[in-house]
Amino acid sequence: GPIESIMRGALEKEFSPYHLEIINESENHVEHEAMQGLAGQSLETHFEITVVSRKFENKTQLERQQAVNSAVKAAFDNGLHALQLKTLTPSELENGTDPISLVRYILKKTIKFDKLELSVSPKGSYVGDCPGTPLVMYAESPDFNGKSLSDRHVMVYTPLDEVLTKGIVSSIELDVRESNRKPKNTKKNTTKDATVSAAVAASSASLQQTTPVTHSPVTDRIRDLIFNNPTILFMKGDRFNPRCGFSRQAIDLIEKFKPKYETFDILEHNDIRQALKAFSNWPTYPQLYVRGKFVGGLDVMKAMETTGELESLLMLSQKKA
């Protein structure tokens, strides 16, 4: 809209931003008197803006925000009512001073989003070997269209591997969905969005390993673990002493169905911990394997538990191959 265009032009001219994000939050404030006074003529009264610029170096937050407010004065004159600001330098962004802005910045370089919502998990920080900020993410993207749930998670987690490894972000609860908008320059894909069901059906039909065929002592050990244990959870801690909230939740899900299963503590075996990320093409833990097949992480397990597919898969693992 016109107000967003005014702000974007002014901010780009004044700050030459390293990163600029403008989010229209007006629809969340329809009961506000500023919106009602416009009688529905405008949906540009409330915005959230993140500006990353070297021009903020050696300036206080007050000085930064005063500079931004001054730059967008014309927008206020034309109906802007409220502005929620985040002002960062490039080094602050990359060092994780604001984890949400950093995650948003990284993901938007690789994924085109129709909607991306990030917040700190209300569950708070987790115990044990889970430093950093736990986040909750909801997203819709045409890039997810036709992709399995696991593939969508990989699309999100892979560019964030360094952020997770450094402990800037401890974990992300994902709800990633297809968009009604088709991605540009891609062929029509008629794959249905029941991606977990498809993945489980494929697992039930074959349950064959699909990971790389390269061999080394550590990958050979991984193969030995996943093929000699019908169900195994690679986690932080073990089933009796989970050392991370997400690992504890994974154990709770499995225990609902009382299958026979094993756990492997990656904190005690750093070689396995690092190699399994590449082996599974999955950068976070826990990781569940059933009869040699990678099932997914906690978010996939939760989705499968909701549909009843996790129970079916775990019970299938108890049968002789």
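This is a predicted model: local features need pLDDT of at least 70, side-chain atom pairs count only at pLDDT 80 or more; totals for chains, interfaces and linings use all residues.
## A covered helix

A residue counts as buried when its relative accessible area is under 20%. Helix H7 is mostly covered, since seven of its nine residues are buried. Those buried residues are Leu149, Ser150, Arg152, His153, Val154, Val156 and Tyr157.

## How H7 meets H13

What does H7 pack against? H7, spanning residues 149-157, packs with helix H13, spanning residues 298-307. The angle is about 155°, and the two axes are 10 Å apart. Angles over 145 degrees count as roughly antiparallel, so H7 and H13 are roughly antiparallel to each other. The crossing of H7 past H13 is right-handed.

Which residues make this meeting? From H7 come Leu149, Ser150, His153 and Tyr157, while H13 supplies Asp299, Val300 and Ala303. Sorted by type, the residues of this contact are four nonpolar, two polar and one charged.

## A buried tyrosine in a loop

Now move along to Tyr261, in the loop between helix H11 (245-255) and strand S10 (262-265). Is Tyr261 buried or exposed? Its relative accessibility is 4%, so Tyr261 counts as buried.

Which residues does Tyr261 touch, leaving aside those up to four places away in sequence? They are Thr231, Arg239, Ile251, Ile254 and Glu255. With Glu255 there is also a polar contact, side chain to side chain, at 2.5 Å. Finally, Tyr261 and Val290 are 29 residues apart in sequence, and their C-alpha atoms are 9.2 Å apart in space.

Technical notes: Residues are numbered from 1 along each chain as its sequence is written. Side-chain values use heavy atoms; hydrogens and water are left out. Axes are lines fitted to C-alpha atoms, for helices over the stretch in contact, and angles run from 0 to 180 degrees between N-to-C directions. Helices (H or I, at least four residues) and strands (E, at least two) are DSSP runs, numbered from the N terminus. Angles under 35 degrees count as roughly parallel, over 145 as roughly antiparallel, 65 to 115 as roughly perpendicular and the rest as oblique. A crossing is left-handed if the near helix is turned anticlockwise from the far one by less than a right angle, and right-handed if clockwise. Contact means heavy atoms within 4.5 Å. Ala, Val, Leu, Ile, Met, Phe, Trp, Tyr, Cys and Pro count as nonpolar, Asp, Glu, Lys and Arg as charged, and the others, Gly among them, as polar. Buried means under 20% relative accessible area, exposed over 50%, partly exposed in between (1.4 Å probe, protein chains only). A polar contact is a pair of N or O atoms within 3.5 Å; within protein, one must be able to donate a hydrogen and the other to accept it, and residues adjacent in sequence count only if both atoms are side-chain atoms.
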